[in-house]
Amino acid sequence: MPVVEAKQLEKTYIAGDIAVKAIQGVSFTIEQASFVSFVGPSGSGKSTLLNMIGCLDPPTKGSLQVMGKDITILTRKQAAIFRGKHIGFVFQDFNLIPVLTVFENIEYPLLMVQNWPKKKRTEQVNNLLKAVGMADQGHKFPSQISGGQKQRVAVARALVTNASLVLADEPTANLDRTTANNIIELMKNMRDEFGTSFIFSTHDPKIMNNAETIFTLEDGQLLNNGGGNHV
Ligand code: ADP
Ligand code: MG
């Protein structure tokens, strides 16, 4: 079963009397444990596409299956539950909660979404702190760590619920080149270790070379079909 299967996907935003076709007739398949990037200039539809896959915003037309489930028919509440169980998110600006420690930030989805007992939570968070190379930083607050470290924490947070799919929208946009490459490398290692599928977006061609599969977007259309580094 593919992780994502999109057929003739469309998203049109209506702003006043103007209709913006953000995604137009896009079809693709992403297999489990993939490491995929959507690449394209600003405004090409990357966020729109990731938001649809993440069940944050429904498509206007077409079919979209995530983990074998038709997500176009979910109510907002069903979408939220589905997201909480299966999908982790990493954001461009890290989105850590400033008043929580690194440990507590990673633990947060387990408290919000899943009802794990404390001992199991602590064990899981410690495992992830270690996996992202932050084992001794759990007590710090986000203001006390670097941008690259913040993104490591965000990757750990995305994985803490054992999500099968992580969506990362321009996760390296606020990082320098070296740190950005380290974060991509970290996500790839997490894919290898946990079998999680990673889908990220970038407008940086230097970063995209680290993806195994590249989908190129332009004006809401796919220019290729996931050839990238695998061809
Ligand atoms: P990217 O992430 O590649 O920069 P986006 O998916 O954010 O691209 O945007 C694709 C197109 O859709 C752009 O033309 C953008 O202006 C438009 N768009 C995105 N979100 C909205 C919205 N909520 N309402 C209206 N237009 C939008
Ligand atoms: Mg975007």
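Reader: Before we start, what conventions apply to numbering and to the confidence of the model?
Author: Happy to set that out: residues are numbered from 1 along each chain as its sequence is written, while chains are lettered from A and ligands numbered from 1 in the order in which they are written. Side-chain values use heavy atoms, without hydrogens and water, and because this is a predicted model, local features need pLDDT of at least 70, side-chain atom pairs count only at pLDDT 80 or more, and totals for chains, interfaces and linings use all residues.

Reader: How many helices and strands does the chain have?
Author: Helices (H or I, at least four residues) and strands (E, at least two) are DSSP runs, numbered from the N terminus. Counted that way, the secondary structure of the chain comes to seven helices and 10 strands.

Reader: What is the radius of gyration of the chain, and what does the globule rule give for 231 residues?
Author: The radius is taken over C-alpha atoms, and the globule rule is 2.2 Å times the number of residues to the power 0.38. The chain is as compact as a globular protein of its length, because its radius of gyration is close to what the rule gives for 231 residues: 17 Å for the chain and 17 Å for the rule.

Reader: What share of the residues counts as buried?
Author: Buried means under 20% relative accessible area, exposed over 50%, and partly exposed in between (1.4 Å probe, protein chains only). Of the 231 residues of the chain, the buried share is 49%.

Reader: What share of the contacts with a separation of 6 or more comes from residues 24 or more positions apart?
Author: A contact here means heavy atoms within 4.5 Å. Among contacts in the chain with a separation of 6 or more, residues 24 or more positions apart account for 70%.

Reader: How far apart do the centres of the positive and negative side chains lie?
Author: Lys and Arg count as positive and Asp and Glu as negative, with His and the chain ends not counted. Each charge is placed at NZ of Lys, CZ of Arg, CG of Asp or CD of Glu. There are 23 positive and 21 negative side chains, and the centres of the two sets are separated by 6 Å.

Reader: Which residue lies 161 residues from V39 in sequence but 8.6 Å from V39 in space?
Author: V39 lies in strand β3 and is buried, with a relative accessible area of 8%. Its contacts beyond four places in sequence include K46, T202, M208 and I214. The residue 8.6 Å away, C-alpha to C-alpha, is F200.

Reader: And V36, how far is V36 from F200 in space?
Author: V36 also lies in strand β3, and V36 is buried at 2% relative accessible area. Leaving aside neighbours within four places in sequence, V36 is in contact with I30, F198, I199, F200, A211, T213 and F215. V36 and F200 are 164 residues apart in sequence, yet their C-alpha atoms are separated by 6.4 Å.

Reader: Is F94 buried or exposed?
Author: Most residues other than glycine have a negative phi. F94 has a positive phi of about 70 degrees although it is not a glycine, and its place is in the loop between β6 (87-90) and α3. At 11% relative accessibility, F94 counts as buried.

Reader: What about D219, buried or exposed?
Author: D219 likewise has a positive phi, of about 45 degrees, although it is not a glycine. D219 is found in the loop between β9 (213-218) and β10 (221-222). At 56% relative accessibility, D219 counts as exposed.

Reader: Which helices are included in what covers the buried residues of α3?
Author: Helix α3 covers residues 102-112, and its buried residues include V102, F103, I106 and L110. The cover over these buried residues includes α4 (118-131) and α5 (147-159).
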